[in-house]
Structures are given as structure tokens and as C-alpha cells.
Amino acid sequence: MSWIWRGWQKLNRYYPIWLEVPSVLLLIFAFWYLAGPYADLPARIPTHFGFTGLPDNWGPKKSILVIPFIAAAIYLLFTGISLWIAAVDDPRRIISAPEKDRKKIQPAAAEAVRMVTLRGLLVLKIFILSLSAYLTYKNVQVALGLATGIGWVGLVFAIMAAATAFYLGIRCLLLIGSK
């Protein structure tokens, strides 16, 4: 577990640690918002929404807990990966390539890949947790009859997350190939 401590110490080199606060607040919001009206939710709630944003599948009340718990797992997973990436002494170890190809990568290029990866994971984490908090909010609203669907905002968050992941992959490939 010493890599976790080293990761937190080194992570500040790549972005200010306080940038983790929005992710934590989004996660807290998802659980907090759900906890308030949970007792008032009907026995059957929407469990899936179609492309139009309207519910197209229903399930038991406890299924509404899935989104915040998946969000918490994503937060822990992304944070753990970020800590490991920051803690690794040789940034070439984080690049998925055959050993002989990794050794050809210049240390400066590998360090640039580490920086882009850590910052990209942070942005991706924020978008995914924003989507999770929004879906939790809208799911509660629909279940209580205060809204008819989840609307288009969730689609925007999903597109932003996908675009970030795509950018991250392309940027890292360009960094490795250019140096």
C-alpha cells in the first residue's frame, strides 16, 4: 500500500489535488439526493431509459441504488489507477506495448503520456460522475412523477465522456509517436 501514499504525494505534480473535490461532491450528491426521498419512492421505478429519454423498463425500488454505487466504484477505480500511475517510478511502465518497444520510448515522452493520462482520467472521472449524479437525480424525479424522462442533458455528459476518452487515446498515441 505504500504506492497509494506515494501516488497521493506525486499526484500534485500533475494537477492540484483540490480538483478531486468536484468528483467527491458529485458522489456525495448522488447518495444524499437519493437518501431524502427514498422512503417515498414507489415500489416500481424506472430502471432503463430509451434514447428518447423516456423510461422503457421498470424494476424494484432498490434498483435505484445501482447508479450511485456504480459511481462510487468508478470513483475508487479511477482514483486507484491514477494513484498507481503517479506512483510508478518509470512512466514507460504505464504504456501498454511490448517490452522492446517500451524501452525505445524516450523518458520525456513517457512522462508527457503520464501527465496527459492523469489529467484525462480526472476529466473523465468528473464527466462520468456528473452523468451518474444527473441520472440519479432524474431517476428519482421520474419515479416520484415530477418528470417524464431524463431529458437530453445525460446524453451530453455521455458524449463528453466518450469524446474525452477518444481524445485521451489519440493524444497519448501522438505523444509516443512524436518523441
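Trainee: Is the crossing of α2 and α5 left-handed or right-handed?
Mentor: Look at the near helix: anticlockwise from the far one by less than a right angle is left-handed, clockwise right-handed. Helices here are DSSP runs (H or I, at least four residues; strands are E, at least two), numbered from the N terminus. For α2 and α5, the crossing is left-handed.

Trainee: What can I rely on here?
Mentor: It's a predicted model, where local features need pLDDT of at least 70, side-chain atom pairs count only at pLDDT 80 or more, and totals for chains, interfaces and linings use all residues. Residues are numbered from 1 along each chain as its sequence is written, and side-chain values use heavy atoms, leaving out hydrogens and water.

Trainee: How do the directions of α2 and α5 compare?
Mentor: Helix α2 (residues 21-35) and helix α5 (residues 107-143) have axes 9 Å apart, at an angle of about 15°. Angles under 35 degrees count as roughly parallel. So α2 and α5 are roughly parallel.

Trainee: Which α2 residues meet α5?
Mentor: Contact means heavy atoms within 4.5 Å. On the α5 side, the partners include Lys125, Ile126, Leu129 and Tyr137. From α2 come Ser23, Leu26, Leu27, Phe29, Ala30, Tyr33 and Leu34.

Trainee: How many residues of that contact are nonpolar?
Mentor: Ala, Val, Leu, Ile, Met, Phe, Trp, Tyr, Cys and Pro count as nonpolar, Asp, Glu, Lys and Arg as charged, the others as polar. The contact of α2 with α5 has one charged and four polar residues, and its nonpolar ones number eleven.

Key: Axes are lines fitted to C-alpha atoms, for helices over the stretch in contact, and angles run from 0 to 180 degrees between N-to-C directions. Angles under 35 degrees count as roughly parallel, over 145 as roughly antiparallel, 65 to 115 as roughly perpendicular and the rest as oblique.
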